[in-house]
Amino acid sequence: MERAAKKDAVEQLNGVFKTTSVAIVAQYSGLTVAQMQKLRQQMKQAGASVKVSKNRLAKIALEGTDVVAIGPMLKGPTVIATSNDPVAAPKVAIEFAKANEKFVIVGGSMGKTVLNVDGVKALASLPSLDELRGKIVGLLVAPATKIAQLANAPAGKLARVIQAHASKGEAA
């Protein structure tokens, strides 16, 4: 790599690290190109991204960011998964690691908090941001639905009584 290309790569990685809320480090030694493409596709669908870069350049790019704590984890062939949703990248990484034994999660960082493998697994077990939003909307809508049902119930009962009375009058 030329010096200018290295500088561009460091700047690009630094921008990614500054805007991300979570970064997961994993070793990918032995994975095929098809498996890496599958990982990238799964991450993209979840709203996360995967970066493979030279460890030395990645360590330089980490300086001045919240996820600087992952620097010591960058040893050997590593891949860095990042996402703005704190659950997206860990969830995909854990699922991919279960299916591919050569993909080994080393650790990660959520903001300034360093995560070990158990921390990444704990993050992956949490519901995603979209699931939480759905639950909150459901909780907010449920009382309004019940109020509407209660408001309509007396009118419905009155209409059924009148209908029954009218039916009884027709039968007589």
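Which residues are buried in H4? In H4, the buried residues are Ala88, Ala89, Pro90, Val92, Ala93, Ile94 and Phe96. The model is predicted.

## Helix H4 and its cover

H4 runs over residues 88-99. Several elements cover its buried residues, including S1, H2, S2 and S3. Strand S4 (104-110) and helix H5 (117-125) are also among the elements that cover them.

The length of H4 can be checked. At 1.5 Å a residue, its 12 residues should span 16 Å.

## A salt bridge in H4

The count of salt bridges comes to 1. Lys98 and Glu95 form a salt bridge through their side chains, with N to O at 3.7 Å. Lys98 and Glu95 are 3 residues apart in helix H4, so about one helical turn separates them.

Glu95 is partly exposed, because its relative accessible area is 47%. The cut-off for exposed is over 50% relative accessible area.

H2 covers residues 33-46. Its 14 residues should span 20 Å at 1.5 Å a residue. The end C-alpha atoms of H2 are 20 Å apart, which agrees.

Met36, Leu39 and Met43 are the buried residues of H2. They cover an arc of only 55° around the axis, so they lie on the same side of H2. The other side of H2 holds exposed residues: Val33, Ala34, Gln37, Lys44 and Gln45.

What do the buried residues of H2 pack against? Their partners are strand S2 (48-51), strand S3 (78-83) and helix H4. H2 in turn is among the elements that cover the buried residues of H4. Just after H2 comes Gly47, with a positive phi of about 85°.

## Helix H3: one buried side

Helix H3 spans residues 55-62. Its buried residues are Asn55, Leu57, Ala58, Ala61 and Leu62. They cover an arc of only 160° around the axis, which puts them on the same side of H3.

The cover over the buried residues of H3 includes H1 and S3. S3 is also one of the elements that the buried residues of H2 pack against. Gly64 follows H3 and has a positive phi, near 85°.

Ser21 sits in the loop between helix H1 (3-19) and strand S1 (22-27). Ser21 is partly exposed, because its relative accessible area is 23%. The cut-off for buried is under 20% relative accessible area. Which residues does Ser21 contact, leaving aside neighbours within four places in sequence? The contacts are Ser83, Asn84, Asp85, Pro86, Ser109, Met110 and Gly111. Ser21 and Val67 are 46 residues apart in sequence, and their C-alpha atoms are 8.2 Å apart in space.

Pro86 lies in the loop between S3 and H4. Pro86 is partly exposed, with a relative accessible area of 28%. Not counting residues up to four places away in sequence, Pro86 touches Ser21, Val22, Met110 and Leu123. Pro86 and Val114 are 28 residues apart along the chain, with 13 Å between their C-alpha atoms.

## Ala4 in helix H1

Ala4 belongs to helix H1. Ala4 is partly exposed, because its relative accessible area is 49%. Ala4 and Thr82 are 78 residues apart in sequence. In space, the C-alpha atoms of Ala4 and Thr82 are 25 Å apart.

## A nonpolar surface patch

Which residues form a nonpolar patch on the surface? The patch consists of Ile136, Val137, Leu140 and Val141. Together these residues have about 380 Å² of accessible area.

Leu140 is part of helix H6 (residues 129-171). Its relative accessibility is 62%, so Leu140 counts as exposed.

Conventions: Residues numbered from 1 in each chain as written. Predicted model: local features only at pLDDT ≥ 70, side-chain atom pairs only at ≥ 80, totals over all residues. Heavy atoms only, no water. Patch = residues over 30% accessible without salt bridge, like charges linked within 9 Å, V, L, I, M, F, W, Y side chains within 5 Å. Areas by Shrake-Rupley, 256 points an atom, 1.4 Å probe, with all protein chains shown as cover. Salt bridge = Lys/Arg side-chain N within 4 Å of Asp/Glu carboxyl O. Helix = DSSP H or I, 4+ residues; strand = E, 2+ residues; numbered from the N terminus. Buried < 20%, exposed > 50% of the residue type's maximum accessible area, 1.4 Å probe, protein only. Expected span 1.5 Å × (residues − 1). Arc of directions from axis to C-beta. Contact = heavy atoms within 4.5 Å.
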